[in-house]
Amino acid sequence: MLRHVLDLPEICSRNYRATASDFLDPYELSLVTSLAVHFPSVETFIFPEGNWERKIVVFAPYDVEDEFLSAFHLEGAEPMDHRQVLGSILGLGIERSKIGDITTFGDEAYVIVKKEIANFLAVNLRKIGSAPIRLREIAAEAVPEADEDWVESAAVVSSMRLDSVVRAVTHKSRDEVKGLISKGLIKINFRRAEKPHEIIAGGDLLSVRGFGRIKIFEPLYETKKGKVRFRYGTLDGR
């Protein structure tokens, strides 16, 4: 997808019209927006505004408003979580790149989407899992932001190598962690991890497929035996 997105500034400049990407994670967004300096006649806009993780980038030769996003408020009789909401939407055949952040509050949820799929979603999304829901389209800027609820813990490792940190937190075997890395199923700050010996630092965010997210808190502590004690938080995968 990134290859297509990287063509957007040139298309905008050539055709003098706004071009918008699908949703990008922070790492992808940084790569794409760094190219804008090569197109001085093109302005860069990022939506939605606020502390959201997944955003779109819009290239335009003039000022634009957020006309590219919509959102939905979901309400049901049972509690909903992020995975249930995402899975139900993907089950309709919608691509992940068309879906932005999802926030849940008990039996309510909010989801930001590309406007191009809003009508389809409004007609077809009737259940989350097996539970029926009520669906109401709202403006993306009306979606409330939610604090991430990290569950804190601590671990001790011989070094802050990626494989050591993941093994300590997930309790997976060395071979399991090695397999996850080789298959591209572990990310560091949204970037695909390439090697087991990459060094993890305080403040880094890891994503392990099938486990969820791991946030490394600062500072790191060295024990009397020369090992490293670190605090971390876990969060269900998104």
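Q: What share of the chain is buried?
A: In this predicted model, buried residues (under 20% relative accessible area, 1.4 Å probe, protein chains only) make up 44% of the 238 residues.

Q: What should I know about the numbering and the cut-offs?
A: Residues are numbered from 1 along each chain as its sequence is written. Local features need pLDDT of at least 70, side-chain atom pairs count only at pLDDT 80 or more, totals for chains, interfaces and linings use all residues, and side-chain values use heavy atoms, without hydrogens and water.

Q: How many helices and strands?
A: There are 7 helices and 15 strands, taken as DSSP runs numbered from the N terminus (helices H or I, at least four residues; strands E, at least two).

Q: Which order do the strands of the open sheet take?
A: The order is E1-E3-E2, with antiparallel pairing; strands pair if DSSP finds at least two bridges between them. Strand E1 (19–20) and strand E2 (43–47) are the edge strands, each pairing on one side only.

Q: How many bridges between E1 and E3?
A: E1 pairs with strand E3 (residues 56–60) over 2 bridges. Thr19 has Phe59 in E3 as its bridge partner.

Q: Switching to the surface: which residues gather in the patch of negative charge?
A: Glu43, Glu49, Asp63, Glu65, Glu67 and Glu141. Patch members have over 30% relative accessible area and no salt bridge, like charges being joined within 9 Å; a salt bridge puts a Lys or Arg side-chain nitrogen within 4 Å of a carboxyl oxygen of Asp or Glu.

Q: And where is Glu141, and is it buried or exposed?
A: Glu141 lies in the loop between strand E8 (131–138) and strand E9 (151–157). Glu141 is exposed, at 66% relative accessible area, the cut-off for exposed being over 50%.

Conventions: Patch = residues over 30% accessible without salt bridge, like charges linked within 9 Å, V, L, I, M, F, W, Y side chains within 5 Å. Areas by Shrake-Rupley, 256 points an atom, 1.4 Å probe, with all protein chains shown as cover. Lys, Arg positive; Asp, Glu negative; His and termini not counted. Charge placed at Lys NZ, Arg CZ, Asp CG, Glu CD.
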